[in-house]
Amino acid sequence: MDYFNYQQDGQLYAEDIAVTDLAERFGTPLYVYSRATLERHWRAFDSAVADHPHLICYAVKANSNLGVLNVLARLGSGFDIVSVGELERVIAAGGDAGKVVFSGVGKTAAEMRRALELDIKCFNVESEPELERLNQVAAEMGKVASVSLRINPDVDAKTHPYISTGLRDNKFGIAFDRAPEVYRLAHSLPNLNVIGMDCHIGSQLTELTPFIDATDRLLALIDTLKAEGIVIRHLDVGGGLGVTYNDEQPPLPSDYAKALLERLENHMDLELIFEPGRAIAANAGVLVTRVEYLKHTEHKNFAIVDAAMNDLIRPTLYHAWQAIVPVVPRDGEPLEYDFVGPICETGDYIGKERLLKLEQGDLVAVRSAGAYGFVMSSNYNTRPRVAEIMVDGDQAHVVRERETLSQLWQSERLLP
Ligand code: LLP
């Protein structure tokens, strides 16, 4: 559930503010987030496992705006990061480094150093050379790094191949069969403290089975290790819970937690960590865009909008489908439109074959744009990145100003 609804005057609102008003005040294209929705989604995870030791580590990559991170930090959220940049954002947003887990296959020594300096909760290590490097960096600093190993459970997440990460062919994690050996190595290194096991099998999963299969495999591994004297204190199940973009019916966080807790019957002291990104942020944001032109051809109708693939690349990159809804719906016979942007690429589209009644100048909202939206935007075609607004009840806060043109080339230089 989210707080983007049509109210009595027939218009789309973000919480208590008409989206039309936001577009007038801040211009378009515009990312609009709802604080109440972010909080609701975070709490859905937190309360689902309230009776079990747990930590919700929001996956910063989904939406790393400081305002978004700050809203979650105030709830006591942990954070899953994949770069030192994300770590610094968490700190700048008031997050607690002690609740940060650091994922990713390519951590540099400098990134490790900074994370150790800040005493993060855990490094989610993905390979043996990474273990060796982390041990060395920690030794140089006279520290002991807490580590979890990311295990690749080789289960099929049944999602888009670009966002499926738990198969043997993927670059992520340590092969299940080699896990005991790598844990032994980690355990033997003096500046590492083995505390966890993690996995992340993919994103936008709409079924529980792959999660449960992965958990079962990891729990068996945890038991094997225990018999060898390697005690795992937390199980990090990653992110990946899907959202409704169209008619998907992903499990609720409470269904997911219930199924997991049943599996944990014999592991009641194992802390559970979740790394949700999309499930918290996607439906807490919309991209508001204005129809610049309507172009009717013999074969197709195009709605040329002021947002483009540089603002929201998911449709182009993954053929992702996101709902496009009118901000002020019109009566009358709808037409089928392809929503395209002004960028010089055939792939520059936001949605295809959508039935809407439109006029030039109308505003539409692209739904489910709060995750992997702004963060994946670029300046292609020298387009400034758009503003981001956080709505909180009847208040709208600019959490990122629209870029200006001169900012785009301020670090570029002419030849002498
Ligand atoms: N943890 C790890 C280690 C991850 O790699 C990811 C996402 C997450 C957590 C969060 O997953 P989520 O709960 O958001 O599914 N750009 C793509 C999604 C890429 C996801 C990458 N990893 C998209 O727009 O669909």
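Colleague: Hi! Where does the ligand lie relative to domain 1 and domain 2, and why?
Modeller: Domain 1 (4–33 + 282–408) and domain 2 (104–274) both give residues to the shell around the ligand, so the ligand lies between them. Those domain bounds come from an automatic or database domain assignment. This is a predicted model: local features need pLDDT of at least 70, side-chain atom pairs count only at pLDDT 80 or more, and totals for chains, interfaces and linings use all residues. Residues are numbered from 1 along each chain as its sequence is written.

Colleague: How many residues surround the ligand?
Modeller: There are 21, and the closest are S203, G239, G277, R278 and Y372. A residue counts as near if its C-beta atom, placed from the backbone, lies within 6 Å of the molecule.

Colleague: Nice. How far apart are the C-alpha centres of the two domains?
Modeller: The centres of domain 1 and domain 2 lie 36 Å apart. Seven residues of domain 1 are in contact with five of domain 2, where contact puts two C-beta atoms, placed from the backbone, within 7 Å.

Colleague: Switching topic: is D394 buried or exposed?
Modeller: D394 is exposed, because it has 8 other C-beta atoms within 10 Å. With C-beta atoms placed from the backbone, 20 or more within 10 Å makes a residue buried, 12 or fewer exposed, and in between partly exposed.

Colleague: And which residues is D394 in contact with?
Modeller: Setting aside neighbours within four places in sequence, D394 is in contact with D16 and I17. As for A59, 335 residues apart from D394 along the chain, their C-alpha atoms are separated by 28 Å.
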